[in-house]
Amino acid sequence: MPLLFLADIDAMLKKILLFSTTFLLLSACATSPTGRTQFIYMPDNQVDQMGLQAFDSLKAKTPISRNPRYSQFAQCVAYAITQQTGGQWEVVVFEDESLNAFALPGNKIGVHTGLLNLVDNQDQLAAVIGHEVGHVLSRHSNERLSQETAVSTGLSMVQAVTQPQTALGQTALGVLGIGAEYGVILPYSRIHETEADTIGLDLMAKAGFDPRQSINLWLKMDKAAQGGQPIEFMSTHPSHGSRIDNLNQHMNQALQLQQQAWNSGRQPRCAK
Ligand SMILES: [Zn+2]
């Protein structure tokens, strides 16, 4: 092959790379559901793909509960919440005593039996699931990928998520918020936690659950953490002093939303 031709290809590839990087960076500004400006460059379908693959790996690794009581309870609460977001969501109960639940891009929800045993009622479970779905609706995984990695690394993480034994794969799982399952902790930032709380409160109230139970749930989580229970949830969703304040600030509005939901016939009755 003539040398000149190779040089042409090289120049052309560089131009394509420059163009696609510029395109990605130009399209990188987004707005979250609470109106916050976000830096996001990963295509959402790629992040969804990561979520689907991570969920498949978890299903292969962790036993799925066959107890219909657990499954019906989790499905009932998750269904009421996700009715408010649209789309089809898959809900799986994992046989695992640690207190945890998670939602992944690609509309996947996982709940541990340990958490189902901890909560007192449907509203407390709705608080956790609402919070988790809040992270997904706010595209926090995409934002974390975009903030913490270069464009090329971000794209290669989509493949790496299937290999939890590699460093890149572990980071990818951490970014998705389920690193703790593989021994990697990557906590959400305070900004992301507050945003997920606000959206979660809104979702649970619109679904007809009692938003005040969100506060009881967080207090219960804190207490369990102090008691030394294995709490994966608290390691990735760190507690902070202003969490309860923020929930209280939005409580009146949330109670109004719950009343509207009840008036429209949305009054979930999910038996624990
Ligand atoms: Zn969180």
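Guide: Let's take the labels one by one, starting with the metal site and moving on to charges and cores.

Guide: Keep in mind that this is a predicted model.

Visitor: Which residues are the protein donors of the zinc ion, and how do you know that they are donors?

Guide: They are H131 and H135 through NE2, E193 through OE, and H237 through ND1. These atoms lie 1.9 to 2.1 Å from the zinc ion, and a donor has to be an N, O or S atom within 2.8 Å of the metal. So they pass, going by that cut-off.

Visitor: What makes the arrangement tetrahedral?

Guide: The angles do. The four donor atoms subtend 94 to 118 degrees around the zinc ion, and the label asks for all angles to lie between 85 and 135 degrees.

Visitor: How are the donors spaced along the chain?

Guide: The pattern reads H-x3-H-x57-E-x43-H. Within it, H135 in helix α5 and E193 in helix α9 (residues 190-206) link distant parts of the chain, 58 residues apart. Both H135 and E193 are buried.

Visitor: What about E132, does E132 have a salt bridge or none?

Guide: None, although E132 is buried. The nearest side chain of opposite charge is R243, 8.4 Å away, while a salt bridge needs a side-chain nitrogen of Lys or Arg within 4 Å of a carboxyl oxygen. E132 sits in helix α5 (residues 122-137) and touches A101, F102, A103, F233 and H237, leaving aside residues up to four places away in sequence. H237 is also one of the zinc donors.

Visitor: How many salt bridges does a search of the whole structure find?

Guide: It finds 10. Take D44 and R139: their side chains meet at 2.9 Å, N to O, so the pair counts, the limit being 4 Å. D44 is in helix α2 (residues 44-61) and R139 in the loop between α5 and α6 (140-148), 95 residues apart.

Visitor: Why is D44 called partly exposed?

Guide: Its relative accessibility is 34%, and the label covers what falls between under 20%, which is buried, and over 50%, which is exposed. R139, at 28%, counts as partly exposed too.

Visitor: Which parts does the pair of D120 and K220 tie together?

Guide: D120 lies in the loop between α4 (113-118) and α5, and K220 in helix α10 (residues 213-226), so the pair ties together parts that are 100 residues apart in sequence. Their side chains meet at 3.2 Å, N to O. D120 counts as partly exposed at 49%, and K220 is partly exposed at 23%.

Visitor: Which residues in the largest nonpolar core touch the most other members?

Guide: Of its 46 residues, they are I109, V111, L115, L125, I129 and M221. I109 has contacts that include F55, W89, V92, I129 and V133.

Technical notes
Residues numbered from 1 in each chain as written. Predicted model: local features only at pLDDT ≥ 70, side-chain atom pairs only at ≥ 80, totals over all residues. Heavy atoms only, no water. Helix = DSSP H or I, 4+ residues; strand = E, 2+ residues; numbered from the N terminus. Buried < 20%, exposed > 50% of the residue type's maximum accessible area, 1.4 Å probe, protein only. Lys, Arg positive; Asp, Glu negative; His and termini not counted. Contact = heavy atoms within 4.5 Å. Donors = N, O, S within 2.8 Å, 3.2 Å for Na, K, Ca; no water. Tetrahedral: all angles 85-135°; square planar, octahedral: opposite > 155°, others 65-115°. Core = buried A, V, L, I, M, F, W, Y, C linked by side-chain atoms within 4.5 Å.
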